[in-house]
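Biologist: I have a model open and some questions about it. Can we go through it together?

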Amino acid sequence: MIDLYYWPTPNGHKVTLLLEEAGLEYRIHPVNIGSGDQFKPEFLAISPNNKMPAIVDHAPADGGAPQSVFESGAILLYLAEKTGRFLPSDPRGRVTTLEWLFWQMAGLGPMSGQMGHFNVYAPEKIPYAIERYDNEVRRLHGVMDKRLAQHAFLAGDAYTIADMASYPWIGAYDKLPVDFAAFPNLKRWHDAIAARPATQRAYALRQQVNPNAGKPLSDEERKHLFGQR
Ligand SMILES: N[C@@H](CCC(=O)N[C@@H](CS)C(=O)NCC(=O)O)C(=O)O
């Protein structure tokens, strides 16, 4: 059994995509980041950076004490190694998957998050910041599109944790549509992942866990999320 500390955001979806694909048994512990659950001592004990997702695996491979993991990329890698799925076992396939996984963690995710922040959440619209992140995310979409012109998925022929990390960040903000007309290979890849039954099960959790998903943030939510130092 895996305990999943989760809130339905792009980084949260990464982990439910894998758990659903792999058919692993898990139970969700909602971490309402808009009401400050991420600062509770019991959560910080497993996720010291006060961010979800995190997991606790009660049946780790070594048979020892429960294993906790924070950081979505580390969780995807841990679960891929645990199940022997979604991470090729040949050295070249493995390194290609890790390249694209780290590319997502260090590039696509943070840049898309900043793009969303300055376009959607910032109380003042700062043209320089908006343009900077819009341009960078568009550039990253172009990088993906070129790669996906040559391969069905980011790491090659097979669906891997690199795709699961990237998918939730493509079109993560309803108000900021992706220019799929300019990136047809990205669209083909996105449509293929969206159609997977496991993806649909993972995203069905969004509204179940947070019935307010998609609504504007309240002052209290803004205070918890954007008032940290
Ligand atoms: N690098 C982290 C980022 C996780 C992250 O940013 N989580 C956000 C929601 S998507 C969060 O928990 N925010 C709460 C906070 O910042 O207090 C990962 O990939 O797991």
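Modeller: Let's start at the ligand. A polar side-chain atom of Asn50 sits 3.2 Å from an oxygen atom of the ligand. Keep in mind that this is a predicted model.

Biologist: How much of the ligand does the protein bury?

Modeller: The protein buries 83% of the 510 Å² that the ligand exposes when taken alone.

Biologist: Which residues surround the ligand?

Modeller: The ligand is surrounded by Thr9, Asn11, Ile33, Gln38, Asn50, Lys51, Met52, Pro53, Glu71, Ser72, Met105 and Gln228.

Biologist: And how does that shell divide into nonpolar, polar and charged?

Modeller: Four residues of the shell are nonpolar, six are polar and two are charged.

Biologist: Back to Asn50. What is its phi, and where is it found?

Modeller: Phi of Asn50 is near 50°, a positive value in a residue other than glycine. Asn50 is found in the loop between H2 and E3.

Biologist: Is Asn50 buried or exposed?

Modeller: Asn50 counts as buried because its relative accessible area is 17%, and buried means under 20%.

Biologist: What about the peptide bond from Met52 to Pro53, cis or trans?

Modeller: That bond, from Met52 to Pro53, is cis, with omega near 10°. Pro53 is found in the loop between helix H2 (41-44) and strand E3 (54-57).

Biologist: Now Asp37. Where does it lie, and what does its side chain reach?

Modeller: Asp37 lies in the loop between strand E2 (26-30) and H2. Its side chain reaches the backbone nitrogen of Asn32 at 2.8 Å.

Biologist: Is Asp37 buried or exposed, and what does it touch?

Modeller: Asp37 is buried, with a relative accessible area of 17%. Not counting residues up to four places away in sequence, Asp37 touches Pro30, Val31, Asn32 and Phe43.

Biologist: Change of topic: the largest nonpolar core. Which members touch the most others?

Modeller: Of its 62 residues, those are Leu18, Ile55, Leu79, Met144, Ile161, Leu186 and Trp189. Helix H5 (residues 127-150) supplies the largest share of this core, seven residues. In soluble globular proteins, nonpolar side chains tend to be buried together.

Biologist: What does Trp189 touch?

Modeller: Leaving out residues up to four places away in sequence, Trp189 touches Met144, Leu148, Ala152, Phe153, Leu154, Asp163, Ser166, Tyr167 and Ile170.

Biologist: Last one, Ala162. Where does it lie, and is it buried or exposed?

Modeller: Ala162 lies in helix H6 (residues 161-166). Ala162 is buried, with a relative accessible area of 0%.

Biologist: Which residues are in contact with Ala162, neighbours within four places in sequence aside?

Modeller: Those are Thr97, Trp100, Leu101 and Leu154. The C-alpha atoms of Ala162 and Trp103 are separated by 8.7 Å, and the two residues are 59 residues apart along the chain.

Definitions and conventions. Residues are numbered from 1 along each chain as its sequence is written. This is a predicted model: local features need pLDDT of at least 70, side-chain atom pairs count only at pLDDT 80 or more; totals for chains, interfaces and linings use all residues. Side-chain values use heavy atoms; hydrogens and water are left out. A residue is near a molecule or strand if one of its heavy atoms lies within 4 Å of it. A polar contact is a pair of N or O atoms within 3.5 Å; within protein, one must be able to donate a hydrogen and the other to accept it, and residues adjacent in sequence count only if both atoms are side-chain atoms. Accessible areas come from the Shrake-Rupley method with a 1.4 Å probe; for residues, only the protein chains shown count as cover. Ala, Val, Leu, Ile, Met, Phe, Trp, Tyr, Cys and Pro count as nonpolar, Asp, Glu, Lys and Arg as charged, and the others, Gly among them, as polar. A nonpolar core is a set of buried Ala, Val, Leu, Ile, Met, Phe, Trp, Tyr and Cys residues joined through side-chain atoms within 4.5 Å. Buried means under 20% relative accessible area, exposed over 50%, partly exposed in between (1.4 Å probe, protein chains only). Helices (H or I, at least four residues) and strands (E, at least two) are DSSP runs, numbered from the N terminus. Contact means heavy atoms within 4.5 Å.
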